[in-house]
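Please look at the chain shown here before reading on.

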Amino acid sequence: AVGGGGAIAEPLLSSPIRSHADLTAAQGASLGAGAEGFYRALAEEAGGRGMALDIVGASLEEVGLWEMAACAQLTGGAALQAETFGAAHLRASLLRLLSARDGEMRVGFGSALELRTSRDVRAVELLGGGGLGSSAELLPSEAAGAHCFAWGGGAVSESSTCALLLHAAKGAAPSSEAQRAAQLLQISATIKSSTGRTRVRVTTVRLPRLPHEVPAPQLLQAFDQQAAAAMLVRLAMHRAETRPPAEVLRWLDKLLIKVMRKLCEYRKAEPASLRLPPAVAQLPGLVFHLRRSAALRQSAQSPDRTAYFRLLASTLSVFATLVMVQPTLVGYQLGAQPTPLPLDKSAMAQDRVLLFDSFTQVIVCKGAGVGAWLRSAQEADSKAQLE
């Protein structure tokens with residue numbers, strides 16, 4: 001836009017579009033800074049009414065996704081972009097977004113999420129999922145002696161995900177023997193369908209408690225490193241919204257060092273002695289790729305591209321988040337099962353086909369031997385057709 005409260009650029013075509021350097025140097029005095037506040041207020045108004053704001057843009061350059069990100073993030077809307085409105089993948093995405101099943105859209109509106117916990121939980125953060133505002137704690141008497149946290153949002157789809165981060169109160173202790181033995185969590189999600197029906201889904205989870213004296217390595221049997229990695233990605237995206245990238249990278253480094261120091265086996269001043277438990281073996285590699293991902297690195301990236309990857313990282317499922325941050329490479333050979341391979345030159349072989357998946361792109365690479373075989377097969381097929 002070049003006019004109104006949501007303007008991100010000057011009307012003159014000779015005026016350059018804003019960059020990360022411009023946004024940092026302006027410190028709230030640029031057009032983009034005013035546009036961010038405008039779109040955030042619009043998102044809060046729409047989300048409060050249970051509506052979703054979808055962003056559909058077509059441009060060879062920036063469309064203002066950096067400023068409009070709150071519209072999709074706070075209301076559960078979708079962000080679709082292409083070079084032209086007639087692009088095949090944009091039209092396919094719109095048809096999928098507006099598709100219906102059994103007479104109802106595959107989107108629920110007016111979503112509400114409630115979490116009930118024991119009284120030793122001080123606060124809860126909602127990371128992703130279209131939450132509006134901070135968590136609102138109800139009185140314990142209103143939740144049968146338990147703490148209740150509630151959020152309101154816009155729309156949710158079949159693939160919507162959110163992450164909940166619980167903060168324990170300092171010095172708090174369970175009040176009963178049952179609470180000392182286990183932590184009870186109850187999550188209640190309410191949505192309205194496109195036909196006006198209200199649906200409620202309630203999930204209750206019982207998590208065993210262990211004394212604080214239990215060594216950290218003994219907890220690894222119940223540790224889900226993939227879920228922890230996805231939570232780490234969302235925490236990094238949450239911090240990147242209010243902190244400079246360099247500070248977020250330092251926080252990641254310190255966190256990784258702290259976790260490795262507690263869980264790894266090593267001898268001081270001997271790097272070769274480091275031994276990673278299998279339950280956390282994937283975390284260092286994920287942090288390595290996360291530090292270099294387009295969601296955190298702003299160099300050679302436009303603001304819209306950064307906003308796009310941050311929106312993805314805040315909404316995807318666990319597996320999709322890991323693929324986006326750390327791409328997968330699978331090798332295919334004749335007479336062998338598909339094999340995951342490391343992301344280095346050792347994966348290349350003449351008789352191997354490589355499939356690289358970065359979530360936004362899928363690339364197929366053929367070895368020299370496979371390529372020669374395909375060319376000879378094509379030549380033989382063309383000769384057979386001529387005959």
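## Helices α6 and α7

In this predicted model, α6 and α7 meet through L232, L235, A236, R239 and A240 on the α6 side and V248, W251, L252 and L255 on the α7 side. Sorted by class, the residues of this contact are eight nonpolar, no polar and one charged.

The axes of the two helices, α6 and α7, come within 10 Å and cross at roughly 150°. Angles over 145 degrees count as roughly antiparallel, and α6 and α7 are therefore roughly antiparallel to each other. The crossing of α6 with α7 is right-handed.

## Helices α6 and α8

Helix α6, residues 225–240, also passes helix α8, residues 283–291: their axes come within 10 Å and cross at roughly 25°. That angle makes α6 roughly parallel to α8, because angles under 35 degrees are counted that way. This crossing of α6 and α8 is right-handed.

On the α6 side the contact is formed by Q225, A229, L232, V233, A236 and M237, and on the α8 side by L283, L286, V287 and L290. By class, the contact of α6 with α8 has nine nonpolar residues, one polar residue and no charged residues.

## The buried face of α8

Which residues of α8 are buried? They are L283, L286, V287, L290 and R291. Seen down the axis of α8, the buried residues fall within an arc of 130°, so they line one face of the helix.

The cover over these buried residues of α8 includes α6, α7 (245–263) and α10 (318–325).

## D304 in α9

D304 lies in helix α9, which spans residues 303–313. Is D304 buried or exposed? D304 has a relative accessibility of 4% and therefore counts as buried, the limit for buried being under 20%.

Leaving aside neighbours within four places in sequence, D304 is in contact with R18, E62, V63, G64, L65 and W66.

## G77 and its contacts

G77 is in the loop between α3 (65–75) and β2 (79–82). G77 and A52 are 25 residues apart in sequence, while their C-alpha atoms are 5.0 Å apart in space.

What does G77 touch, not counting residues up to four places away in sequence? The residues are A52, L53, D54, C71 and A72.

## Two alanines with positive phi

A269 sits in the loop between β13 (265–267) and β14 (270–275). Its phi is near 70°, a positive value in a residue other than glycine. With 79% relative accessibility, A269 counts as exposed.

A300 lies in the loop between α8 and α9. Phi of A300 is near 60°, again a positive value in a residue other than glycine. A300 is exposed, and its relative accessible area is 85%.

## The chain as a whole

The secondary structure of the chain comes to 11 helices and 18 strands. The chain has 387 residues, and buried residues make up 33% of them.

Among contacts between residues at least 6 apart in sequence, 64% join residues at least 24 apart.

How values were computed
Residues are numbered from 1 along each chain as its sequence is written. This is a predicted model: local features need pLDDT of at least 70, side-chain atom pairs count only at pLDDT 80 or more; totals for chains, interfaces and linings use all residues. Side-chain values use heavy atoms; hydrogens and water are left out. Helices (H or I, at least four residues) and strands (E, at least two) are DSSP runs, numbered from the N terminus. Contact means heavy atoms within 4.5 Å. Axes are lines fitted to C-alpha atoms, for helices over the stretch in contact, and angles run from 0 to 180 degrees between N-to-C directions. Angles under 35 degrees count as roughly parallel, over 145 as roughly antiparallel, 65 to 115 as roughly perpendicular and the rest as oblique. A crossing is left-handed if the near helix is turned anticlockwise from the far one by less than a right angle, and right-handed if clockwise. Ala, Val, Leu, Ile, Met, Phe, Trp, Tyr, Cys and Pro count as nonpolar, Asp, Glu, Lys and Arg as charged, and the others, Gly among them, as polar. Buried means under 20% relative accessible area, exposed over 50%, partly exposed in between (1.4 Å probe, protein chains only). The arc is that of the directions from the helix axis to the C-beta atoms.
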